[in-house]
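Reader: I have a model open on my screen and I'd like to learn how to read it. Can you walk me through a few features?

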Amino acid sequence: MWMPAKAKWVLLADRIRARIESGEWVPGEKLPSTAQLKQEHGVSQTVVRQAILVLQPQGLVEGVHGVGVFVAEQPEP
């Protein structure tokens with residue numbers, strides 16, 4: 001059975017999530033800029049924006065208007 005490829009923004013969100021969960025990016029750390037993420041992953045600005053929008057309600061990142069996107073503080077399990 002043929003399975004469609006995951007959308008680029010889903011793949012990017014998965015990569016960002018993995019870097020946060022592995023501890024590579026720690027709470028309070030600023031994520032690379034949209035331009036840096038675009039270049040690093042070969043995607044469009046829209047893809048980067050959608051990936052961030054999906055991670056915000058999950059509590060993984062938080063945007064500060066005009067400043068950037070940061071790794072959110074993680075509640076203790």
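Reader: How are α1 and α3 oriented to each other?

Author: First, the ground rules: this is a predicted model, where local features need pLDDT of at least 70, side-chain atom pairs count only at pLDDT 80 or more, and totals for chains, interfaces and linings use all residues. Residues are numbered from 1 along each chain as its sequence is written, and side-chain values use heavy atoms, with hydrogens and water left out.

Author: Helices (H or I, at least four residues) and strands (E, at least two) are DSSP runs, numbered from the N terminus. Axes are lines fitted to C-alpha atoms, for helices over the stretch in contact, with angles from 0 to 180 degrees between N-to-C directions. Under 35 degrees counts as roughly parallel, over 145 as roughly antiparallel, 65 to 115 as roughly perpendicular, and the rest as oblique. Here the axes of α1 (residues 8-21) and α3 (residues 45-55) cross at roughly 55° and come within 8 Å, so the two helices are oblique to each other.

Reader: Which residues of α1 meet α3?

Author: Contact means heavy atoms within 4.5 Å. From α1 you get K8, W9, L12, A13, I16 and R17, and they meet V47, V48, Q50, A51, I52, V54 and L55 in α3.

Reader: And the strands: which way do β1 and β2 run?

Author: Two strands pair if DSSP finds at least two bridges between them. Strand β1 (residues 61-64) and β2 run antiparallel, joined by four bridges. V64 sits opposite G68 of β2, and in the hairpin, with three residues between the strands, G66 has a positive phi near 80°.

Reader: What does V69 touch?

Author: V69 belongs to β2 (residues 68-71). Apart from neighbours within four places in sequence, V69 contacts E29, K30, L31, I52, V61, E62 and G63.
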